[in-house]
Amino acid sequence: MTPSATQAVSGGAEAHRPRILVPEKISEDGLALLTPHFDVDVKLALSPDELTQIIPGYHGLIVRSETKVTSEVLRAGRKLGVVARAGVGVDNIDVAAATNEGIIVINSPSGNIRAAAEHTVALLLATARNVGRADGSVKAGRWDRGKLVGVEVGRKVLGIVGLGKVGLNVARMAKGLGMHVLAVDPFASADMARQAGVELMVELKDLLATVDFLTIHTPLLATTMDLIGEAQFRMMKKTAYVLNVARGGVYNEAALLDALDAGTIAGAGLDVFTSEPPAEGSTAARLARHPKVTATPHLGASTVEAQENVSMDVCTQMLEILRGGLPTSAVNVPIILPEEYRKLQPSVQLVEKMGRLYTQHFVRAKGGMVGGHRFELIYRGELAGMPNTKPLYAALVKGLVASFSDSNVNIVNATVIAREKGIVINETHARESQDMTYSNLVTLRSVADAKTGTSEQIIEGYASDKRVYISKLDRFNATFQPDGTLIILHNYDKPGKIGGVGMVLGSHGINIRFMQVASLGRECLQDHDGRAQQDEEALMILGVDGDVDDVVLDGLRASDGVLDVSLVNL
Ligand SMILES: NC(=O)c1ccc[n+]([C@@H]2O[C@H](COP(=O)([O-])OP(=O)(O)OC[C@H]3O[C@@H](n4cnc5c(N)ncnc54)[C@H](O)[C@@H]3O)[C@@H](O)[C@H]2O)c1
Ligand SMILES: O=C(O)[C@H](O)COP(=O)(O)O
């Protein structure tokens, strides 16, 4: 056990510090931001089994490309809130599984792009001038000048597949070398391409037939796997070279090996392979050792500068997230500005409590389930003007399912969980000017549906001065703070009710913290002719301390004039 892990489990003030696991070499610059606040355990060379075994003790995980963050690891990471990729590609992380588990995945989208682009140029020149083979032969005592004649890259055609951040940097550098640059990327900006002097082409096959050098800079996706295979190699010039500083698999490795052996292409510069390090006897290993290949061990991002950049980038985000803030570059979280997020926080608490109240008061008390229910969430006042209310949506899902599911619901997985449970939420930003007592008001309305037995119910509330209040429950106007254990009694509004309830609770040693008697809304107090109704109903909300069991609730239900009782823990 490392010293920091010992501190984390040995009690005292340090005992509850969040723990971060770092199973790969990450620059100290970023880790130094974390160590004052968290226990950071650097444990290199963990096997997949060891990782799965120890991950349950960690809140954060920082990896590069070597650690496979599988769904098994993510499910085992019960406390895990963030997985950080100190780099760009997240193909070693099961992002879909992380989203389902509510785990934020962050990366550093631009910290190493210059390094990757420079490495591509290094491989371009090394391949063209046989630098790797030449170095090996000189070190072996030979002086093979005649066998190592290369080609120039100036005035040659470079084809780039994927004109994103790395691709565009490669293009600019290649222009500096005097190359003519073509690119294929259906999502590239034509303006950016023009400014960089790149000719954007529509068809990959047209580009392949023209290029002297081909480089791919797409992520590894289902759509880019085996992008260049046997058919594509046959479209290329026999004198062409291919480069890969993206991911093993974007070129089909077996087809590449055949093309090199058959002389269909002239050579390759490869930084990445389908298995890293290439498994003994694999096609990747044969490629890495091939005389026409200049190979490097995934060094694209391995510069001092890039490693400082990516480490600072992800550690700053990790610090922010574990302190309750927002990432700047999350792979699976909707973008929301920190300032907006802060403004929403009191309402996030309110809406979560409204969800809990709905499920416990209207659904669970009647033996139902909230799955399949449809809701309208209406924001008024300042909230109506908030452009991004995803945190409120997530808070409602969390509150609604909290009593019957241990799902860790958050902004990352709220939509997935709502869909799984069949919960539909429509958000309405009610911008109409209406007489508002509060600066913000949230209404939760369940939509009546005979199929699920849902009737229309309303909960309304507001946040004020960092406190949250419920102002309407069903047809009743009530203002109370939704905290702790509440007993909610629906009864006929007759004299003596409060005394009777007090007697039942007192006889079970239950202390009443507060009591609020809610009247019917004004519209309900009158009949159709505008006359006051008889036998008015009321809602009694009691904040209590002590164990409220079924005996207590049955005692209350048996009291005269009580129509319904529910127990709510908020
Ligand atoms: N070897 C290394 O050390 C190293 C370092 C950094 C990045 N990388 C790899 O490089 C990849 C690219 O990085 P980036 O920062 O430029 O990403 P990026 O997202 O900025 O760019 C990727 C581009 O690929 C394009 N694209 C996607 N599918 C395509 C297709 N089928 N055809 C043509 N274009 C397509 C996209 O539109 C996008 O413009 C990363 O995903 C990572 O895997 C490797
Ligand atoms: O996607 C990336 O950022 C690169 O492949 C770098 O990977 P590395 O962090 O393992 O060097």
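Biologist: Which residues does the UniProt annotation "domain: D-isomer specific 2-hydroxyacid dehydrogenase catalytic" cover?

Modeller: The UniProt record, an unreviewed entry, has that annotation covering residues 20-332; UniProt positions are given in the numbering used here, feature names are shortened, and annotations may be inferred rather than shown by experiment. This is a predicted model, in which local features need pLDDT of at least 70 and side-chain atom pairs count only at pLDDT 80 or more, while totals for chains, interfaces and linings use all residues. Residues are numbered from 1 along each chain as its sequence is written, with chains lettered from A and ligands numbered from 1 in the order in which they are written.

Biologist: How much helix and strand is there over residues 20-332?

Modeller: Residues 20-332 are 38% helix and 15% strand, with the end C-alpha atoms 20 Å apart; helices (H or I, at least four residues) and strands (E, at least two) are DSSP runs, numbered from the N terminus. UniProt also places "domain: D-isomer specific 2-hydroxyacid dehydrogenase NAD-binding", again from an unreviewed entry, at residues 121-300, a span that is 36% helix and 16% strand and whose end C-alpha atoms lie 10 Å apart.

Biologist: And the chain, what is its radius of gyration?

Modeller: The chain has 32 Å, whereas a compact globule of 570 residues would have a radius of gyration near 25 Å; the radius is taken over C-alpha atoms, and the globule rule is 2.2 Å times the number of residues to the power 0.38. The C-alpha atoms fill a box of roughly 110 × 55 × 40 Å along the principal axes, and the chain has 19 helices and 22 strands.

Biologist: Switching to ligands, which residues come nearest to ligand 1?

Modeller: Of the 30 residues around ligand 1, Gly89, Gly162, Gly164, Pro219 and Gly300 come nearest, where a residue is near a molecule or strand if its C-beta atom, placed from the backbone, lies within 6 Å of it. The shell divides into 15 nonpolar, 11 polar and 4 charged residues; Ala, Val, Leu, Ile, Met, Phe, Trp, Tyr, Cys and Pro count as nonpolar, Asp, Glu, Lys and Arg as charged, and the others, Gly among them, as polar.

Biologist: Which helix gives the largest share of that shell around ligand 1?

Modeller: Helix 8 does, with 3 residues, and helix 6 and helix 8 each supply at least two.

Biologist: What surrounds ligand 2?

Modeller: The residues around ligand 2 are Arg64, Ser65, Ala86, Gly87, Val88, Gly89, Asn112, His298, Gly300, Ala301 and Ser302, and they divide into 3 nonpolar, 7 polar and 1 charged.

Biologist: Back to helix 8: what span should its 12 residues have?

Modeller: Helix 8 (residues 165-176) should span 16 Å at 1.5 Å a residue, and its end C-alpha atoms are 17 Å apart, which agrees; the expected span is 1.5 Å times one less than the number of residues. Just after helix 8, Gly178 takes a positive phi of about 85°.

Biologist: Is Arg155 buried or exposed?

Modeller: Arg155 is exposed, because 10 other C-beta atoms lie within 10 Å. Asn130, in the loop between helix 6 and helix 7 (131-139), has a positive phi near 55° but counts as buried, because it has 21 C-beta neighbours inside 10 Å.

Terms used
A residue is buried if 20 or more other C-beta atoms lie within 10 Å of its own, exposed if 12 or fewer, and partly exposed in between; C-beta atoms are placed from the backbone.
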